[in-house]
Amino acid sequence: MSNDSAETTIPRRTTGDVVPMSFAQELLWLLDRATPGLTAYNVPRAMRLEGKLDVEALRSAIESVVQRHEILRTTYASDERGAVQVVNANKRFELPIIDLTGERDGLAAAERFFLDQARTPFDITRDPLLRGYLLQLGVHDRVLVLVTHHIASDGWSKGVMFRELSQAYDAFASDKVPTMTSLPIQYADFALWQRAQVESGSLADHLEYWHRRLAPPLPALELPTDFARPTVPSFEGGRQAIVLPADLVRKVRDVAMDHGATLYMVLLAAYHTVLHRYSGQDDIITGSPIAGRNQTEVEGLIGYFANTLAMRTNFVGDPTVAELLERISENAVDAYEHEDVPFEKLVLELRDAHQADGDTPLFSCVLTMEDTLPDELKLGDADVKTIAIDFGMAKFDLTLLVAEQPKGLRLALWYRSDLFSVGYAERFLGHMRSVLEAAVANPEQRVSELPLLTAAERSQLDAWNDTAVDEGAPATVVELFEQQVARVPSRTAVVDADGQLTYADLNARANQLAHLLRTRGTGRGATVGLLLDRSADALVGLLGILKSGAAYVPLSVDAPAARLDQQIAEAGIRVVITNAALCEKLPTTVSRVALDT
């Protein structure tokens, strides 16, 4: 936190002031306009409420929070004045009650409802940016679903909302009016102040630092991916997690202390190391979110204050772990000293200054240290438990979330599922642990010497490299194919103009054909003709013939009838696999199996 910002007082705006969006809001506004229906920035939460609950007190409590915080009654527009906020005085909060008591599995139905709401976009030009629903599972069993948009809320805001909801509920349930300390300002006041700060030039020194720190050429991180990068990202995501044991975490803390670093800095070093080793690039930039609440006036506000710092690490010279920590520590301290620059303003500044890099994102991977302080919603005597539901969205290629737990340190990796598979995420987390274990064991090792592979991967590699292993007799084509079917039955095996078949589908059709051929007396030593063009049916025919024990003889669909007659006679073919259209080219002396009929 910079000392300048801590001493700054944010004034209240005067009535009639045009309220611009904050820089963070403006970026989300632009994304929303560019991608209609975008739901990656929805923030959904679900809580199970068991026991006695005053439903009207709950609705009134949420309504009181909405009236207290203008940001929850704000919509967004763009006119000749630019991108502006529109504060609505009379936006009343509705809490529909959805009856799920008739469902066989009420909780599963509640989860489906939650996912549907999580994936329902907001119209930020007119919708209230807080949606709420109370799902009735039983007489004293309910689920509260709340969905906000990131343009109106950040991670810190959840704690503010839950504390105020708890306090207001207790008051309304006792037929009292909630009494809360008046808010010194509203979010709109902050947005006006933030713009004025930039326009006044008071952030010039901070901006100059970032211009130097992020001088071009800016690296575009090129990680190997499982799937080709789509032109338009889907933001569909998945998550995998591991827990680092307490003993390893203790060693990480010890190494951090020995080198004048923090737990975050050691984790950032490991994260950047894995990205460096995966990509082969020496210049790595990732994002690190921070609270962005340097002024005391905003600590109790709901709103989007979170900022992001760009952490850049250079691996030139193959540093030791100790040297890498020194580089990262120095860069992190400098970044926090200049954290007052809104990230979105910085992006615009950099684009204006370096047009060549305008289409390159500043970073595609993020490291977040999660706040482990509990943000508990308390509603009288009701038992309130958060329901953890993954609604499958990922804003960045990879996001590593770190949270302290009683048994260790939890590393959760969110990944874009249109780029990476589950296995990729599992390996990445395993390699994070391997790097940390090796780094704390010997901080004088060079980064290139840190092992990535886990013990299980090393064992597998040793087995693959053991040339003395007796693999037995060579497998037949049919055996190799059936092994593949067992491994990946639902994966696509063949695609043609008429559609596609999975390995399981292809195997089933080939088995049916083999059975048919055997009933016609075809088996080992026999020859079967295959008269089909390149297609999925051709593969069914080939595999079916081999499974029957016979040998297949390819017949050209372009060959004249006389040539086919000659081939069939010379090869002793009694059965031909074909389709209805080609049957007429065959002599009447052979049995025909038309796969399309």
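Which strands does helix H4 (residues 106-118) lie across?

**View 1. Helix H4 on the sheet.** H4 lies across S1, S4, S5 (130-138) and S6, and runs at about 170° to S5. Helices (H or I, at least four residues) and strands (E, at least two) are DSSP runs numbered from the N terminus. Axes are lines fitted to C-alpha atoms, for helices over the stretch in contact, and angles run from 0 to 180 degrees between N-to-C directions. The model is predicted: local features need pLDDT of at least 70, side-chain atom pairs count only at pLDDT 80 or more, and totals for chains, interfaces and linings use all residues. Residues are numbered from 1 along each chain as its sequence is written, and side-chain values use heavy atoms, with hydrogens and water left out.

**View 2. The open sheet of five strands.** The strand order is S4-S5-S6-S1-S11, with mixed pairing. S4 (97-99) and S11 (383-386) are the edge strands, each with a single partner, so one side of each has no neighbour in the sheet. From one strand to the next the twist averages 25°. Within this sheet, S1 (residues 42-50) and S6 (residues 141-149) pair in the antiparallel sense over nine bridges; two strands pair if DSSP finds at least two bridges between them. Pro44 stands opposite Val147 in S6.

**View 3. The hairpin of S2 and S3.** Two residues join S2 to S3 in a hairpin. S2 (residues 74-79) and S3 (residues 82-87) are antiparallel, paired over six bridges. Asp79 stands opposite Gly82 in S3.

**View 4. Helices H9 and H12.** H9 (residues 263-279) and H12 (residues 422-441) pack at an angle of about 125°, and their axes are 9 Å apart. The two helices are therefore oblique to each other (angles under 35 degrees count as roughly parallel, over 145 as roughly antiparallel, 65 to 115 as roughly perpendicular and the rest as oblique). Residues in the contact (heavy atoms within 4.5 Å) include Val266, Leu267 and Tyr278 of H9, and Tyr424, Arg427 and Leu436 of H12.

**View 5. An aromatic pair, Phe343 and Phe363.** The whole structure holds 13 aromatic pairs. Rings of Phe, Tyr and Trp (its six-membered ring) pair if their centres lie within 6.5 Å; planes under 30 degrees apart count as stacked, over 60 as edge-to-face and the rest as tilted. Phe343 and Phe363 form a tilted pair, 5.4 Å centre to centre with 35° between the planes. Phe343 lies in H11 (residues 343-353) and Phe363 in the loop between H11 and S10 (365-369), so the pair ties together parts 20 residues apart in sequence.
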